Amino acid sequence: MKKFGRISFTFLLVIAGAFVAVWAYSTFFNEPQVVTVKEEPAIRYASLPANSEQTLPDLTFAAEKSIHTVVHIATQSVRTGQWSSGNPFIDEFFGFRRSEPQVQQGFGSGVILTEDGFIVTNNHVIQDAQKIKVILNDKREFEARLVGADPSTDLALLKIDAKDLPFLTYGNSENLQLGEWVLAVGNPFNLTSTVTAGIVSARARNLGINEDTYSIESFIQTDAAVNPGNSGGALVNQQGNLVGINAAIASRTGSYTGYSFAIPVTIVKKVVEDLKKYGEVQRALLGVNIGDVNAEIANKLNLERVEGVYVGAVTENGAAKEAGIKADDVIIGVGGEKVKTSAELQEKISQYRPGDDVKVDVLRNNEKKQFTVTLRNRHGDTQIVRDNASVLGAEFVAVDNELKNKLDIDHGIMISKLDKGKLKDAGLEKGFVITSVNKKPIYEVNDFKREIGNARGGILVEGVYPSGEPAYFVFGVGK
């Protein structure tokens, strides 16, 4: 009986459970349920204000406008390597022999600036090149002539014989804002006509990568992808105007890893104008040793803000000292515009020429003072430094390998034409091979121009005639 009672109780529980299940289904699931989902707002980009209706910019116009103005540059240089004791008998005894000439190929990018073929690129793209070839976006090829180069800004100007070329117009790099979209146009890894996009990440970057004594660095930093071969290419804004020349990347591998750097067009424009007009850049110097103001300097000078350019020392007989600027002054403005870093100061001063007067604002003992500074050149005077090589009355050609072997030289340039000028007056003749100027080896015409341009006082030219007769000449650079 007890067993039967337990079975009956279990049966009753099953019946009760079934009844509850049927009641629940009929109550809650018999009627269709309407689910209302709240519509979420459209996704917005984090860089835009919450109430903005903007979208990412359309960069197709800028790309189309700039792609045909950026060229591919191919360079070739030939160098011979040899070791010599200086004594031909010892060289012969020990079996020293001249190595075979080595041909080095290089590549990069350039930007057409005028319809008649002026092209700007990086100095490091064409440095030491004996042949420069320019390939347009339509596949036409031209031999390029080097108008001039400026190692201090890493810029160079080329010229090709062509007409009706597409070209880029200058924008204003000083108006660039952080977060503004830009395009990098160039030829990375020999992949021609490549466009990448990014934003302006920073301005007035000084990386310390230019080892020239008078180097100027005030880079535009972007995250547009730039790789080897992009050097010398264009950085353009959304309107398709040139705002910079791509020059470097920050990388541990040699390839793009997130940051690239361009020379601002404010510097480019001045360098190009100088190279076209004078043959070399008219670098104006303030005559100060400078550094950015940091917290330590700000505390030392009781400055209200940690910004400005600290003057550590002034150059003797320099422009700044002559105007009254002293050590421990803090430069805060040039030409009526504020400067917060040494890179900004360099960029501002680079837009002037020797002999120009410029207003410089400084803080001295927390009081603002203004000085009128007459800028000077690297020689300490206010004269325009001209391309002396162009007034020496000579034209040059490269020395072929056969003549180099005959004369036992591995560098030099030959006088192919000699008109009235310093070289002719000094006694040099057509056919003479110049191997050094002021003890500096001359591999190409630009080396000759550079050494002549840097000289003050006497110039020593050494070389050899095609007959093998060595000779040297001394003359002054004064007119």
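These points describe a predicted model, moving from the chain as a whole to one helix, a barrel and the nonpolar cores.

1. The chain of this predicted model is built from 11 helices and 25 strands. Of its 479 residues, 44% are buried, and the chain exposes about 26600 Å², of which carbon and sulfur atoms supply 52%.

2. A closed barrel of six strands can be followed in the order S8-S9-S10-S13-S12-S11, and its pairing is antiparallel. On average, neighbouring strands of this sheet are turned by 45 degrees against each other, with direction ignored. One of the pairings joins strand S9 (residues 194-205) to strand S10 (residues 219-222), in the antiparallel sense and over three bridges; here Arg205 stands opposite Phe219 in S10.

3. Helix H5, which covers residues 265-278, has 14 residues and reaches 19 Å from its first C-alpha to its last, close to the 20 Å expected at 1.5 Å a residue. The helix lies across S12 and S13, and runs at about 45 degrees to S13. Just after H5, Gly279 takes a positive phi of about 90 degrees.

4. How much of H5 is covered? The helix is mostly covered, with 10 of its 14 residues buried, and these buried residues include Val265, Ile267, Val268, Val271, Val272, Leu275 and Tyr278, as well as Thr266, Lys270 and Asp274. The cover over them includes strand S3 (118-121), strand S6 (145-150), strand S7 (155-159), strand S12 (242-250) and strand S13 (259-264), together with helix H8 (342-349).

5. The largest nonpolar core has 32 residues, and those with the most contacts inside it are Val111, Val120, Leu155, Leu242 and Val268. Two or more residues each are given to this core by helix H2 (60-67), S3, S7, strand S8 (181-186), strand S11 (234-236), S12, S13 and H5. The largest share, six residues, comes from H5.

6. Val268 is buried in H5 and belongs to the residues with the most contacts inside the largest core. Which residues does Val268 contact, leaving aside its neighbours within four places in sequence? Val268 is in contact with Val120, Leu155, Ile245 and Ile263.

Terms used
Residues numbered from 1 in each chain as written. Predicted model: local features only at pLDDT ≥ 70, side-chain atom pairs only at ≥ 80, totals over all residues. Heavy atoms only, no water. Helix = DSSP H or I, 4+ residues; strand = E, 2+ residues; numbered from the N terminus. Buried < 20%, exposed > 50% of the residue type's maximum accessible area, 1.4 Å probe, protein only. Areas by Shrake-Rupley, 256 points an atom, 1.4 Å probe, with all protein chains shown as cover. Expected span 1.5 Å × (residues − 1). Contact = heavy atoms within 4.5 Å. Pairing = 2+ DSSP bridges. Axes fitted to C-alpha atoms, helices over the stretch in contact; angles between N-to-C directions. Core = buried A, V, L, I, M, F, W, Y, C linked by side-chain atoms within 4.5 Å.
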